[in-house]
Amino acid sequence: MASKKTPETVTTGFVFDKEMFKNSVLYNVKTLHRKTIQEASPEQIFQAVAYAVKDTVVDNWMDTQKQFEKQDPKTVYYMSMEFLMGRALGNNIINLKAYKPVKEALDELGVDLNVIEDQEPDPALGNGGLGRLAACFLDSLATLGYAAYGCGIRYRYGMFKQVIRDGYQVEAPDNWLENGNPFELRRPEYSKIVKFGGWVEATPDENGRNHYHQEGYQSVKAIPYDLPVVGYGNGIVDTLRIWDAEPVECFQLDSFDKGDYQKAVEQDNLARNIVEVLYPNDNHYAGKELRLKQQYFFISASVQEAVEKYMRKHDDIHKLYEKVTFQLNDTHPTVATAELMRILLDDYKLEWMEAWEIMSKTCAYTNHTIMSEALEKWPIELFSRLLPRIYQIIEEINRRFVADIEKLYPNRPEKVRNMAIIYDGQVRMAYLAIACGYSVNGVARLHTEILKNQELKDFYEMMPEKFNNKTNGITQRRFLLHGNPALASWVTAHVGDDWITNLPKIAKLKVYASDDKAQQEFMNIKYQNKVRLAKYILEHNGIEVDPRSIFDVQVKRLHEYKRQLLNILHVMYLYNKLKDDPNMDFYPRTFIFGAKAAAGYYNAKMTIKLINSVADVINNDESIQGKIKVVFIENYRVSNAEMIFAAADVSEQISTASKEASGTGNMKFMLNGAITIGTMDGANVEMYEEVGKDNMFIFGLTSDEVINYEKNGGYDPTEIFNNDPDIRRVLMQLINGTYSPNDPDRFRTLYNSLLNTLSTSKADTYFILKDFRSYAEAQKKVEEAYRDEKRWAKMAITNVASTGKFTSDRTIQEYVDEIWHLDKVKMPKKKTVK
């Protein structure tokens, strides 16, 4: 793309020709939309710009694939139900190191790149931290130069688009593909058939060995769509492969002609249902069945293609693990272990122990939860009916594993009860992954220790060599370079730009933490980011917030253990204080929430309603003079998260100690200069070690104390209710109509969850009342620190400077060195414009 008359240098990065890019945009507007750029809408211009960028991305993508073919590197297949990628256009331009020239080119065309970026919908391929971690990992894999495929599902409507109506969450379809996805490539040549139901028949061969095949099944065709994952400045493009489902036979005309219209489209409906939504409500049998179908669908297609891809270049299936590794991101993909066994046994006719050796050296498992109820279990009846051959294989794995347990622990039936894969009418998927895989990792040091000593203690005792820790991380390229360009430029001006690919270099900022000029610059950047978010809130919520107030933020998936309820109860407590004494010395606060609750999770959805009801009362009470504002940001997602992280003063990481595996939102806030108020839970523990006790606000029970109460009892929330009038007043306001005058009982279930008045379950399972006073004291310290601007600026800069450990680049390198053992791909040098 470089002009022949232009001086040249050598690089592996993006080769940019401004005039060619401008002409490409104009051409795309014309051919895609039959318009000039003056006539085109912003969305149409977005499509044109995206396709122009895609041209270069595809060139690099093809070059990368050629090097994969030539160098034959070991490849990791990162299998996940979620990939919360965020918008692709801006991130791709940044990783091509072309943001500035692309912006200049579009300026010359009279186009604002910021406006164009805002036209892109967030891909609805994930929901929470699990999916965002997977996205960060893919970014790091490409940037570090490793061969990788992300494997998931091309959901047509995602989990849902959250709409807040009368304070309640309403789930609407997230039609993100309405105008197509310019960056994806449909790859029908790699389609796969996935089978459900039917029965298994055995046919003996001439040696008397049985060969198994499925009969009477329904099948769907899995069609891969590939999305590029652009490495930063190195010319490498890895692949996110998401599978769509299509019927094997599209339309049964004979059934239609006979008047059986439902049967005519039966196959189409079967396929469509599989990829319609992420995490269908599983409060009923049909929802459970659909979830299991989804999991097997994308795993079967991914494993089939990974094996076939390997065999296209190699002739010995026994050495698969030398070139292929599967990383199973939580329990959803763990059926990959049995699916790989099926392929090796049934398609490649291997003996059991041959297949087992290959599979057990190929599959590795990441555990993302300490909570035993979140370790997936499937009823045997459902599993065996839907996946009959897979169930047969798991039965045999379980038989052999139980024999190993009984041999190692004779006369210890509790060991079988605690570890068997099939037990008490259920298939326990996490146990399957641990028994089958060669590695089991937690995602923060505390989390891994709790797994080893509590939830998975028996497994660790039996096979300690499998267990290891890989503390999560985030990509600084998305969450600082792209999400907070003003702060990114400031960091680069002070310490250079090495931090973009080597985040520990950001530690050089520490010398500026006490520098008056640096503090003023930093706080001004934070203020401008708060102004930007305040504008967004006014536009989307109709609420005026003061950017000079403390922006206290909790944005994350809504679950009771994450304790959004503790946060809003504390807001109610502060409001009571202000009402009692309107002249009290109180620094203005804006409490910002953002969260989606699972469609069937009643208490979580009622917490959203409570937050909005409290907001309605407080935001409209003129007597407190705007000293407290409460905002719930609708449809929290990656694109508005970037804006929120950049503007936050206080980061709420207040989960019940021992319940959060890691958290990554905590790291994103820290990278953007927010100060954490939190428990010693998940990665907060390691953040505390990095940043120091003077730069975080820690409160609440420790994980050991929580575990002790759970094991031995001794906590009664009614004692706190009876003895603390402030807490009692707040809880009574849940049921006396203060925030629901037309329905005083509206929040009764939340009240009951804290005090167990119905005696149907344990009271205050997540220790909200137990931690309340400690939390309130920590919040007082937050206000005290914020009043001292120099102290606050020093704390904030110190936080940014202490994030080096928490890059996903470090996490991925640890996976590579200690689990996957991948080789870096070397890209040839290109000539480019100086």
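## The sheet around β20

Let's start with β20 and β21: these strands run parallel and are joined by five bridges. Strands here, like helices, are DSSP runs numbered from the N terminus (E, at least two residues, for strands; H or I, at least four, for helices), and two strands pair if DSSP finds at least two bridges between them. T590 has K629 as its bridge partner in β21. Strand β19 (residues 550-555) also runs parallel to β20, with six bridges joining them, and here T590 of β20 is the bridge partner of F551.

These strands belong to an open sheet of six with parallel pairing, in the order β21-β20-β19-β22-β23-β24. At its edges lie β21 (628-632) and β24 (697-698), each of which pairs on one side only. Strand β20 (residues 589-594) is mostly covered, as six of its six residues are buried; buried means under 20% relative accessible area, exposed over 50% and partly exposed in between, using a 1.4 Å probe and protein chains only. R589, F591 and F593 point one way from β20, while T590, I592 and G594 point the other way.

## About the model

Please keep in mind that this is a predicted model, in which local features need pLDDT of at least 70 and side-chain atom pairs count only at pLDDT 80 or more, while totals for chains, interfaces and linings use all residues. Residues are numbered from 1 along each chain as its sequence is written, and side-chain values use heavy atoms, with hydrogens and water left out.

## Helices across the sheet

Helix α22 lies across β19, β20 and β21, and runs at about 70° to β21. Helix α33 (residues 789-801) lies across β22 (650-653), β23 (675-678) and β24, running at about 85° to β23. The axes are lines fitted to C-alpha atoms, for helices over the stretch in contact, and angles run from 0 to 180 degrees between N-to-C directions. Contact means heavy atoms within 4.5 Å.

## Two helix pairs

Helix α21 (residues 485-495) and helix α22 (residues 516-541) have axes that come within 9 Å and cross at roughly 160°. The two are therefore roughly antiparallel to each other; angles over 145 degrees count as roughly antiparallel, under 35 as roughly parallel, 65 to 115 as roughly perpendicular and the rest as oblique. A486, L487, W490 and H494 in α21 meet A518, E521, F522 and I525 in α22. By class, this contact has six nonpolar residues, one polar and one charged; Ala, Val, Leu, Ile, Met, Phe, Trp, Tyr, Cys and Pro count as nonpolar, Asp, Glu, Lys and Arg as charged, and the others, Gly among them, as polar.

For helix α1 (residues 18-33) and helix α2 (residues 42-71), the axes come within 8 Å and cross at roughly 125°. That makes α1 oblique to α2. Residues of α1 including F21, V25 and L32 take part in the contact, and among those they meet in α2 are A48, Y51 and V53. The residues of this contact divide into nine nonpolar, five polar and one charged.

## Strand β17 and its neighbours

Both faces of strand β17 (residues 439-442) are covered, with S439 and N441 buried on one side and V440 and G442 buried on the other. Strand β13 (residues 363-366) pairs with β17 in the parallel sense over three bridges, and V440 is the bridge partner of Y365. Three bridges also join β17 to strand β18 (residues 467-469), again running parallel, where V440 stands opposite F467.
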